[in-house]
Amino acid sequence: MEYSGKLIVFEGPDGAGKTTQVKLAAERLQRQGYSVVMTREPGGTRLSEVIRQVLLDPGNREMSPVTEALLYAGARSQLVAEVILPALASGKIVLCDRFVDSSLAYQGFGRGLDLEMLRQVNRFALNGLGRFCTIFLDLPPEEGLKRGNKRKRDRLEQEDLAFHRRVWEGYHLLIKEYPERIRVVDASSQPEAVHRQIWKHLSAFLKGSHQGGVF
Ligand SMILES: Nc1ncnc2c1ncn2[C@@H]1O[C@H](COP(=O)(O)OP(=O)(O)O)[C@@H](O)[C@H]1O
Ligand SMILES: [Mg+2]
């Protein structure tokens, strides 16, 4: 699909700084006159936020891994149709906090679901979405969990460290698999230093010297 806008996704373990960095990038882009849409997963639309409540509620202990994967894909599909594709069509820059790589990392490597099945379901959910750029904020899960413990942990954050290790290792396999799309930044330094690394990749993508890739 061709459109004039650009999608930039922020990925990484809990506490890596995704929310912080989406805001810093959005502020800088807006100062430069870009029209920016900020969104997050799961969520970003009324329906997707309803699905988010179901996914993250620690009370939903009986949820099967396949149900979890399909609910994520459902929330994503609505976000793509209702927010991302229209914004890209009107030339906007979309910054998204988590996207398809989270499903491969958490439901695939974390839960052990079949990766090829997850890819197919998610390709279906993306509804023809074209090239995008993914910024991976690299931080060992132990470090991220230490940073992020200020609020009550949601259903996925409550998983044990072994789960979060598998997720992190999974992300690293995805980085090898999608080198044209995923850019890695070291998320262990101060927020401003992380932002500078991100900005290099982001501006290359906006200028077209980095093409990004499809899922
Ligand atoms: N580079 C950083 N160094 C130290 N702490 C950070 C950094 N970036 C964010 N934080 C803090 O770590 C916590 C998690 O950051 P957040 O942006 O919410 O991460 P995420 O959205 O990836 O879970 C927050 O309290 C935030 O203020
Ligand atoms: Mg966050």
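Author: Two residues are in contact if their C-beta atoms, placed from the backbone, lie within 7 Å; by that rule Ile-84 touches Leu-7, Leu-79, Val-94 and Leu-129, not counting residues up to four places away in sequence. This is a predicted model, in which local features need pLDDT of at least 70 and side-chain atom pairs count only at pLDDT 80 or more, while totals for chains, interfaces and linings use all residues. Residues are numbered from 1 along each chain as its sequence is written, whereas chains are lettered from A and ligands numbered from 1 in the order in which they are written.

Reader: What makes the largest nonpolar core, and which residues have the most contacts inside it?

Author: A nonpolar core is a set of buried Ala, Val, Leu, Ile, Met, Phe, Trp, Tyr and Cys residues joined through C-beta atoms within 7 Å, and a residue is buried if 20 or more other C-beta atoms lie within 10 Å of its own. The largest such set has 52 residues, with Ile-8, Ile-84 and Ile-135 holding the most contacts inside it. Helix 3 (residues 65-89) contributes the most to this core, giving 10 residues; helices (H or I, at least four residues) and strands (E, at least two) are DSSP runs, numbered from the N terminus.

Reader: How do you know that strand 1 is largely enclosed by the rest of the structure?

Author: Six of the six residues of strand 1 are buried, so the strand is largely enclosed.

Reader: In what order do the strands form the open sheet, and what is the pairing?

Author: Five strands form it in the order 2-3-1-4-5, with parallel pairing, where two strands pair if DSSP finds at least two bridges between them. Strand 1 and strand 3 have five bridges, and four bridges join strand 1 to strand 4 (residues 133-138), so both pairs meet the requirement of at least two. In individual residues, the bridge partner of Leu-7 is Val-94 in strand 3, while Val-9 stands opposite Thr-134 in strand 4.

Reader: Why are strand 2 and strand 5 called edge strands?

Author: Strand 2 (36-40) and strand 5 (182-186) each pair on one side only. For strand 2 the parallel pairing is with strand 3 (residues 93-97), over five bridges, and these strands include the bridge partners Val-37 and Val-94 as well as Met-38 and Leu-95. Helix 3 packs on the sheet, touching strand 1 (6-11), strand 2 and strand 3, and its direction makes about 160° with that of strand 2; such angles run from 0 to 180 degrees between N-to-C directions, the axes being lines fitted to C-alpha atoms, for helices over the stretch in contact.

Reader: Which residues come nearest to ligand 1?

Author: Of the 14 residues around ligand 1, those coming nearest are Gly-17, Lys-18, Thr-19, Thr-20 and Arg-147, where a residue is near if its C-beta atom, placed from the backbone, lies within 6 Å. Helix 1 supplies the largest share of the shell, three residues.

Key:
A residue is buried if 20 or more other C-beta atoms lie within 10 Å of its own, exposed if 12 or fewer, and partly exposed in between; C-beta atoms are placed from the backbone.
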